[in-house]
Amino acid sequence: MPLELTTAQLAAILEHCRREAPLEACGILAGRDARVSRVHPLTNADRSRTSYLIEPREQLRVMGEIWDRQEELLAIFHSHPASPAYPSSRDVELAFYPDSRYIIVSLRDPGPEIRCFLIREGVITEEPLEIIE
Ligand SMILES: [Zn+2]
């Protein structure tokens, strides 16, 4: 089942990524049955142009909310301000959630480009992404 994002949710993701540029931005998408209900823009604790680490306390809080709402962590998103929308070797190394999708937003010219992947045991598979009204 392709992940479903509304145009408003996509706009919220892009806004967060652009606001944080030239640093990488990150966040979590929560929902049910591949349908996103909430976009959580989070802090990149790395404060880096080439890597991200979701601030651990923020992540814990969001995971608690997801649990309380009986939703799922559907995807982790982050931006690549100046490189293609494809997982870096570090992204693969730090992909700890085999059931989560990984969305990468590239802002490099002529951008933006948004792609979705599964990363399981070091293997990258592209997943469809559906943008709905
Ligand atoms: Zn990355």
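Which residue in strand 8 is the bridge partner of Leu-3? I began my notebook with that one, and I found Leu-129 in strand 8. A reminder to myself before going on: this is a predicted model.

**Entry 1: strands 1 and 8**

I looked at how the two strands run, and strand 1 is parallel to strand 8 (residues 129–132), with four bridges joining them. Next I checked the two faces of strand 1, which covers residues 3–6. Leu-3 and Leu-5 make up the covered face, while Glu-4 and Thr-6 are on the uncovered one.

His-80 belongs to strand 4 (residues 72–80) and Asp-91 to helix 3 (residues 89–93), so I noted a pair 11 residues apart that links distant parts of the chain.

Are His-80 and Asp-91 buried or exposed? His-80 has 3% relative accessibility, so I count it as buried. Asp-91 is buried as well, with a relative accessible area of 7%. The cut-off I used for buried is under 20%.

**Entry 2: helix 2**

I checked the length of helix 2 (residues 56–68) against expectation. Its 13 residues should span 18 Å at 1.5 Å a residue, and the end C-alpha atoms are 18 Å apart, so the two agree.

Which residues of helix 2 are buried? I found Glu-58, Gln-59, Val-62 and Ile-66. Seen down the axis of helix 2, these buried residues fall within an arc of 100 degrees, so they line one face of the helix. What covers the buried residues includes strand 2 (26–32), strand 3 (35–42) and strand 4. After helix 2 comes Gln-70, and its phi is positive, near 55 degrees.

I followed the chain into strand 5 (residues 101–106), which runs antiparallel to strand 6 (residues 113–120) with six bridges. Ser-106 has Glu-113 in strand 6 as its bridge partner, and a hairpin of six residues connects strand 5 to strand 6.

Strand 6 also runs antiparallel to strand 7 (residues 123–127), with five bridges. Here I picked out Leu-118, whose bridge partner in strand 7 is Thr-125. Two residues lie between strand 6 and strand 7 in their hairpin, and Glu-121 in the turn has a positive phi of about 50 degrees.

**Entry 3: Ser-51**

Last, I visited the loop between strand 3 and helix 2, where Ser-51 is found. Ser-51 has 10% relative accessibility, so it counts as buried. Leaving out residues up to four places away in sequence, I noted that Ser-51 touches Glu-24, Asn-44, Asp-46 and Arg-90.

Definitions and conventions: Residues numbered from 1 in each chain as written. Predicted model: local features only at pLDDT ≥ 70, side-chain atom pairs only at ≥ 80, totals over all residues. Heavy atoms only, no water. Buried < 20%, exposed > 50% of the residue type's maximum accessible area, 1.4 Å probe, protein only. Pairing = 2+ DSSP bridges. Expected span 1.5 Å × (residues − 1). Arc of directions from axis to C-beta. Contact = heavy atoms within 4.5 Å.
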